[in-house]
Amino acid sequence: MAMKRFGGSQETVLGEVLFEFQRHGNIMRVTAIDPKSGTEVVMIADPRHSQTIIKRLAMRKLLYVMNKKAVQAQKDRDLRS
């Protein structure tokens with residue numbers, strides 16, 4: 001599932017995403033990893049939701065974090081220039 005996120009002048013595109021699901025009682029711990037960048041996010045989900053919905057939410061969080069890092073990296077480059 002490929003997703004795009006646009007923010008300012010940055011565009012983050014996800015290709016392959018790795019997921020890990022761990023059930024702990026009445027919660028689901030989900031890890032989403034972008035293998036290309038090595039970015040990893042962890043979230044807690046309700047296990048009553050479908051795996052498709054949980055994956056979509058984890059991917060949105062991963063995109064958010066990757067986009068935030070890209071914007072910060074651009075700001076850092078602009079400051080050094």
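1. From the N terminus on, the elements of the protein chain follow the order β-β-β-β-β-α. The model is a predicted one. In total, the protein chain holds one helix and five strands.

2. The helix, α1, spans residues 51–80 and contains 30 residues. From its first C-alpha to its last it reaches 43 Å, which is close to the 44 Å expected at 1.5 Å a residue.

3. Several positions of α1 are buried: Ile54, Ala58, Met59, Leu62, Leu63, Met66, Asn67 and Ala70. An α-helix has 3.6 residues a turn, so residues three or four places apart point the same way.

4. The largest nonpolar core comprises 14 residues. Those with the most contacts inside this core are Leu14, Val17, Val30, Ala32, Ala45 and Leu62. At least two residues of the core are supplied by each of β4 (27–34), β5 (39–45) and α1. The largest share, six residues, comes from α1.

5. Which residues does Leu62 contact, leaving aside its neighbours within four places in sequence? The partners of Leu62 are Leu14, Val17, Ala32, Ile33, Asp34, Thr39 and Val41. Leu62 itself is buried.

6. For the protein chain as a whole, buried residues make up 30% of the 81 residues.

7. Among contacts in the protein chain with a separation of 6 or more, 38% join residues 24 or more positions apart.

Methods
Residues are numbered from 1 along each chain as its sequence is written. This is a predicted model: local features need pLDDT of at least 70, side-chain atom pairs count only at pLDDT 80 or more; totals for chains, interfaces and linings use all residues. Side-chain values use heavy atoms; hydrogens and water are left out. Helices (H or I, at least four residues) and strands (E, at least two) are DSSP runs, numbered from the N terminus. The expected span of a helix is 1.5 Å times one less than its number of residues. Buried means under 20% relative accessible area, exposed over 50%, partly exposed in between (1.4 Å probe, protein chains only). A nonpolar core is a set of buried Ala, Val, Leu, Ile, Met, Phe, Trp, Tyr and Cys residues joined through side-chain atoms within 4.5 Å. Contact means heavy atoms within 4.5 Å.
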